[in-house]
Amino acid sequence: MSRREGSLEDPQADSSASPLTHLEAKIQQTHSLARLLTKYAEQLLQEYVQHQGDPFGLPGFSPPRLPVADLSDPAPGHADLPVHERLRLDAAALAALPPLLDAVRRLQAELNPRALRLLRRLEDAARQVRALGAAVEALLGALGAESRGPGPEHAAAAATDSAGVFPAKVLGFRVCGLYLEWVSRTEVDLGQLAPGGPA
Amino acid sequence: MPPPQTGLLGQLAATIDLCFIFSLVYTAVISPQDPTLLIGSSLQATCSVHGDTPGATAEGLYWTLNGRRLPPELSRMLNASTMALALANLNGSRQQSGDNLVCHARDGSILAGSCLYVGLPPEKPFNISCWSKNMKDLTCRWTPGAHGETFLHTNYSLKYKLRWYGQDNTCEEYHTVGPHSCHIPKDLALFTPYEIWVEATNRLGSARSDVLTLDILDVVTTDPPPDVHVSRVGGLEDQLSVRWVSPPALKDFLFQAKYQIRYRVEDSVDWKVVDDVSNQTSCRLAGLKPGTVYFVQVRCNPFGIYGSKKAGIWSEWSHPTAASTPRSERPGPGGGACEPRGGEPSSGPVRRELKQFLGWLKKHAYCSNLSFRLYDQWRAWMQKSHKTRNQDEGILSSGRRGAARGPAR
């Protein structure tokens, strides 16, 4: 028996299995990343509300869930969609989040300039969600289910009235909440794609 | 729709070219928006429900401040769509992002919000102190006025300029050695005085410290002396020898450097300091406890650089170096002093008297070859012979005890 026979490390030992194994590994890797970002998103939201003051951190605090341009909450029927469609929606949302997180970071840099950990978390979140979105896009490509072309320009102008500090605080709360919802939704959707998950 | 804000957030949004990538619509508006107020002042605010909202009325509206519902007696309806609020004797803001004043509908839903900034203008910063590491940079520290508690975000800016010419410069590297500090890393002139001051600014005003004038050469510090070695002095159980190297960055300038040594027993927190070790790189500690581990540190004051007359600034202490004194049967003396090498007498009382005695002997008894070296040799010989006597007595004692017990089995 040669030394290399039966070796798990030999990529050429069974060429018919390696592409699937590689894809499964990528799915697991992306799923793990989504799980990690879900945890970070929870921490970010907690840190955020601390710095805005009550009522932001109080149980039952519920400002109007006003629409944020280019990004909405996962639809109620999201979980019923085919997994590839869900991942497409996840990828689109993840792509819309970085400029919003950047905007919140810049606002918080003015409102809470000494909240260095909050500012760092917001900066990290923008970078991490960009990486997760790219990983989901890559998976969709590997599955033959690419996303539907480039989305709208996420930095496009949309007239609004950014009237005051309180609405800016609410905006940040909303964006952090959407970030948490979408990364946790992505984690669930990838979990169904991962080996051993429900079909 | 209320007009776009021209305040800070409006400027910020324009500057970062977001052009408002989000949309927020509130069904009411609070006036004033984001006011800044002195502690103890009063506020009259209104919550006006938008006329185009169906069923819009001020009936049943209520206020919360930082999540706490305000007593209804503080509110009154001005008209069908406007509820007024009167707050008196305001406390300082609970968070730097502003206190959250919120107008709620009867069902508790949020209609509008405004953030209150209640605080004090800054007081004059004071107690500026600066030092230069090896003449290459300048670090300054200051104390904020009124201990810094203004309840508002207060920005501190360290400014400096050459005294007789040049423009104002602003330090850029903050918080390098604490919250109120700044570091100027380069491009500093020597032999010419600088003027340095701190400006404090917040929403309620600004204040400026007194100007500190200094020459970089008068505030020089350096690195701790490297290569500190501590070793025993032969068999002397109450002495340790300390040697170090002059800090390399300034070694060509340290003609008048001062050094200081501190040492402590291993399990103690009390340091003993040996002052004024002068411009030498070795010292002998005397009067130590035998059989004891000591930690020793050395620091340097590079005063007198380029003829500066100022006191100079001590470096940090070197990393602790440990050594132990030899064991002894006799308890050693508790005090300590730095004994210079070469036998010159120190300031200790015993050795001072000994010096006087030796001087008298040389004069009157023709003992020309007497010296401290000879005295130290005698002490070492005395300790050795004392140990030998104790060992012999111990052997003899155990021999007698063995005899008393009878022969071994």
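In this predicted model, strand β3 (residues 43-49) of chain B runs antiparallel to strand β7 (residues 82-87) of chain B, and six bridges join the pair. To find one point where they face each other, look at S48(B), which stands opposite T82(B) in β7(B). Strands of a sheet pair through backbone hydrogen bonds, in either a parallel or an antiparallel way.

These two strands belong to an open sheet of four, arranged in the order β1-β3-β7-β6 (chain B) with antiparallel pairing. At its edges lie β1 (28-31) and β6 (75-79) of chain B, each of which pairs on one side only. On average, and with direction ignored, neighbouring strands of this sheet are turned by 25 degrees against each other.

Turning to the domains, chain B is divided into domain 1 (28-119), domain 2 (126-219) and domain 3 (222-325). The C-alpha centres of domain 1 and domain 2 of chain B are 41 Å apart. Where these domains touch, 11 residues of domain 1 of chain B are in contact with six residues of domain 2 of chain B. Between them, the two domains bury about 720 Å², 65% of it on carbon and sulfur atoms. On the domain 1 side, T36(B), Q96(B) and Y117(B) lose the most area to domain 2 of chain B, together 54% of what that side buries.

Helix α2 (residues 83-111) of chain A has 29 residues, so at 1.5 Å a residue it should span 42 Å; its end C-alpha atoms are 40 Å apart, which agrees. Along α2(A), a kink of about 30 degrees lies at L97(A), shortly before the proline P98(A).

Technical notes:
Residues are numbered from 1 along each chain as its sequence is written. Chains are lettered from A and ligands numbered from 1 in the order in which they are written. This is a predicted model: local features need pLDDT of at least 70, side-chain atom pairs count only at pLDDT 80 or more; totals for chains, interfaces and linings use all residues. Side-chain values use heavy atoms; hydrogens and water are left out. Two strands pair if DSSP finds at least two bridges between them. Axes are lines fitted to C-alpha atoms, for helices over the stretch in contact, and angles run from 0 to 180 degrees between N-to-C directions. The expected span of a helix is 1.5 Å times one less than its number of residues. The bend at a residue is the angle between axes fitted to the seven residues ending there and the seven starting there. Domain bounds come from an automatic or database domain assignment. Contact means heavy atoms within 4.5 Å. Buried area is the accessible area (1.4 Å probe) that two parts lose on being put together, summed over both.
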